[in-house]
Each structure stands twice: as C-alpha cells, then as structure tokens.
Amino acid sequence: MKIRAIAHRGYSAKYPENTVTALKAAVDLNYSHVEFDVQLSKDGVPVLMHDYNVDRITDASGAVRDFTLAELQSFEIAGGERIATLEEALDIVKGKITPMVELKQAGDLYPGLEEKSLDLIRQSGIGDDCIIISFDHFCIERLRTLDADIPLGLTSSCAMPYVFDFMAEMRCDLLGVPVKMLTARYDRMITERGYIVGPWVVDSLADMQLIAEKYPHTLITTNELERWADFYLAHPELHQDAGK
C-alpha cells in the first residue's frame with residue numbers, strides 16, 4: 001500500500017534535505033508524493049535547495065544564485081552528499097512517486113526559473129504525474145501561461161479565504177495550508193470547490209491524530225516519514241483516494 005502523504009524535502013528528518021539520498025528514502029518507504037525545492041544556479045541550471053543561501057546545508061557560504069553548478073556541486077553536504085539538480089531528482093522519482101516541485105521564485109530573483117523547470121519536467125516524460133507549487137503566486141501565473149495542462153498548486157504561510165477565484169483561473173489542484181491554520185470551515189471551503197487540502201507540516205503524533213479525526217481526506221506533508229507511515233497503516237480511516 002502506498003503511504004498517502006508528501007515527503008517533505010525527501011526524508012529530511014533522517015537525511016540531509018533535498019538530496020539524492022533523502023529522495024530515494026521517500027521512494028523506498030513507498031510514499032505517494034515527495035516535495036523538493038528548486039532554485040537556479042548562476043549558469044541557469046535548476047538545482048535543489050530550500051534556503052536562498054548555501055550556509056545551513058553545505059560547508060560553504062553565499063547565495064545560491066551567485067555560484068555556477070560546478071561550484072555548487074563542489075560544496076559538501078553532511079554525509080558526503082552534494083547539491084542535486086532537478087534533472088537528477090526527476091530521474092530518481094519518475095514512475096515511482098509523484099514529485100511536488102516547489103519553485104523558490106521570489107519576485108524577479110530567478111528570471112527563467114519557470115521555463116527551465118518546465119522544460120526539464122517535459123523532457124523527463126513525467127507528464128502530468130507531478131504538481132508544481134510556489135509561495136510566489138505570480139510564479140504560478142507564469143507557469144499557467146507557459147503550460148495549459150501542468151498540475152499546479154498554491155501554498156502559503158497563512159489562511160487565504162479570498163484566493164479561490166485565482167485558483168479557479170489558474171486551474172489549480174491543491175492548496176497548501178499550515179496545519180495550525182486548518183479549521184473545519186476552511187477545510188470545507190477548499191474541499192467543496194474540489195481542491196486538495198494540503199496541511200503542512202504534520203510531524204507530531206498530536207497533529208497526526210488531529211488529521212485522522214477531523215481531516216482524513218487531506219494530503220499531508222511530513223518530515224517524519226516512518227512515524228507517519230506507521231500511523232497511516234494503523235488508521236484505515238486515512239486510506240482514502242482523494243486524487244493526487
């Protein structure tokens with residue numbers, strides 16, 4: 001049985017986030033989805049990194065966009081890992097787990113990020129077995145202009161009861177919601193419009209129990225892959241097929 005949930009940056013509670021090892025661990029644990037973050041190197045290559053600098057994850061210091069791919073991949077991550085490219089990530093997940101690609105666009109920080117990422121997704125042959133999300137909703141608008149069919153989602157650090165007209169215009173599939181902001185009213189507003197509710201991040205047993213009791217139809221995001229997998233398998237009320 002697939003574990004229905006989004007593995008946050010791979011298995012980031014156990015391995016360095018957004019690395020090949022973290023992504024493979026999510027595949028090995030039979031998760032349905034894996035999320036990873038994408039930025040551009042100085043020479044325009046989509047690479048996996050959450051922060052806008054390399055300081056927290058690598059042995060170097062500076063902004064991601066100020067280094068070429070070769071320079072970024074010369075930096076060491078704990079465990080001997082190196083910064084992965086989007087192309088590598090798509091090759092790992094293709095046919096095994098649905099990728100949730102978060103573009104770390106921020107205003108005009110990365111010109112061409114949307115086009116380059118879409119090109120790689122198309123070339124990978126993954127087709128529509130993916131979903132692209134972003135906190136920058138102008139990025140989502142650009143993606144829809146570039147591709148009429150690619151599955152899209154919005155995420156945010158706040159509740160957005162005013163967002164549904166935009167989601168309909170962009171033909172989005174999912175709305176990410178901080179779990180602490182999810183209420184029965186908000187959940188109803190999202191689901192009655194046919195969108196997937198994406199609570200994040202659900203790591204504690206208390207939050208997992210909240211999901212099982214009140215929001216079993218949602219597609220949660222977690223860092224604690226083995227904890228959620230054990231919880232999921234022990235709670236048949238979660239075994240719902242709510243689409244992607």
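## A quick tour: salt bridges, a strand and a pocket

Glu 88 and Arg 82 form a salt bridge, with their closest N and O atoms 2.8 Å apart (a salt bridge is a side-chain nitrogen of Lys or Arg within 4 Å of a carboxyl oxygen of Asp or Glu). This is a predicted model, where local features need pLDDT of at least 70 and side-chain atom pairs count only at pLDDT 80 or more, while totals for chains, interfaces and linings use all residues. Residues are numbered from 1 along each chain as its sequence is written, and side-chain values use heavy atoms, leaving out hydrogens and water.

**Salt bridges**

- The structure holds 11 salt bridges.
- Back at the opening pair, Glu 88 is partly exposed at 25% relative accessible area, and Arg 82 is partly exposed too, at 37% (buried means under 20%, exposed over 50%, partly exposed in between, with a 1.4 Å probe and protein chains only).
- Arg 142 and Glu 114 meet through their side chains in another salt bridge, at 3.0 Å from N to O. This one links distant parts of the chain, with Arg 142 in helix 5 (residues 137-146) and Glu 114 in helix 4, 28 residues apart.
- In that pair, Arg 142 is partly exposed at 30%, whereas Glu 114 is buried at 2%.

**Strand 4**

- Helices (H or I, at least four residues) and strands (E, at least two) are DSSP runs, numbered from the N terminus.
- Strand 4 is mostly covered, with 6 of its 6 residues buried.
- Thr 98, Met 100 and Glu 102 point one way from strand 4, while Pro 99, Val 101 and Leu 103 point the other way.
- Strand 4 runs parallel to strand 2, joined by 6 bridges, and parallel to strand 5 (residues 131-134), joined by 3 bridges (two strands pair if DSSP finds at least two bridges between them).
- Val 38 has Leu 103 in strand 4 as its bridge partner, and Met 100 stands opposite Ile 131 in strand 5.

**The largest pocket**

- About 210 Å³ of space lies in the largest pocket (on a 1 Å grid over the protein atoms alone, a pocket is an open set of points where a 1.4 Å probe fits, with protein on both sides within 12 Å along at least five of seven lines; lining residues have an atom within 4 Å of a point).
- The lining has 18 residues, and His 8, Glu 102, Ile 133, Thr 155 and Trp 200 lie nearest the centre.

Terms used
Points joined across faces, edges and corners; volume = space filled by probe spheres on them.
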